[in-house]
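Here is a short walk through one protein chain. Keep the sequence and the 3D view open side by side as you read.

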Amino acid sequence: MVLSDQFRYMGGAVVTFKADKRRALSDNAGAPAPKGLAKEKAEWLNPGLIGRVKFLKGEEKLRHASLKDFWERS
């Protein structure tokens, strides 16, 4: 799930990290889906992470998005 700086849903992103980064990301998983956005195979993350996402520009929602890095908000 990717939220904009206005905290609205922008689309999903592919995650392709090595095991240690995947484990750190999965430690933040388990949040409930926002109202109206329940997706069968989606994993929702708890608030507090900031991510760097690569995507194709020019659309209202994300296209071909991939999560490149993430860190905890301080």
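Among contacts in the protein chain between residues at least 6 apart in sequence, 36% join residues at least 24 apart. Contact here means heavy atoms within 4.5 Å. This is a predicted model, in which local features need pLDDT of at least 70, side-chain atom pairs count only at pLDDT 80 or more, and totals for chains, interfaces and linings use all residues. Residues are numbered from 1 along each chain as its sequence is written, and side-chain values use heavy atoms, with hydrogens and water left out.

Start with the overall build. The protein chain holds one helix and five strands. Their order along the sequence is β-β-β-α-β-β. Helices (H or I, at least four residues) and strands (E, at least two) are DSSP runs, numbered from the N terminus.

Next, the dimensions. The C-alpha atoms fill a box of roughly 35 × 25 × 25 Å, taken along the principal axes.

Three strands form an open sheet in the order β3-β5-β4, with mixed pairing. The edge strands are β3 (14-15) and β4 (49-56), and each pairs on one side only. Two strands pair if DSSP finds at least two bridges between them. Strands β3 and β5 (residues 63-72) run parallel and are joined by two bridges. Val 15 has Leu 67 as its bridge partner in β5.

Strand β5 also carries Ser 66. Ser 66 is buried, because its relative accessible area is 15%. Buried means under 20% relative accessible area, exposed over 50%, partly exposed in between (1.4 Å probe, protein chains only). Leaving aside neighbours within four places in sequence, Ser 66 contacts Ala 13, Val 14, Arg 52, Val 53 and Lys 54.

Look at a loop residue too. Asn 28 sits in the loop between α1 (19-26) and β4. Asn 28 counts as buried, because its relative accessibility is 17%. Not counting residues up to four places away in sequence, Asn 28 touches Trp 44, Leu 45, Asn 46 and Leu 49.

Step back to the whole chain. Of its 74 residues, 23% count as buried.
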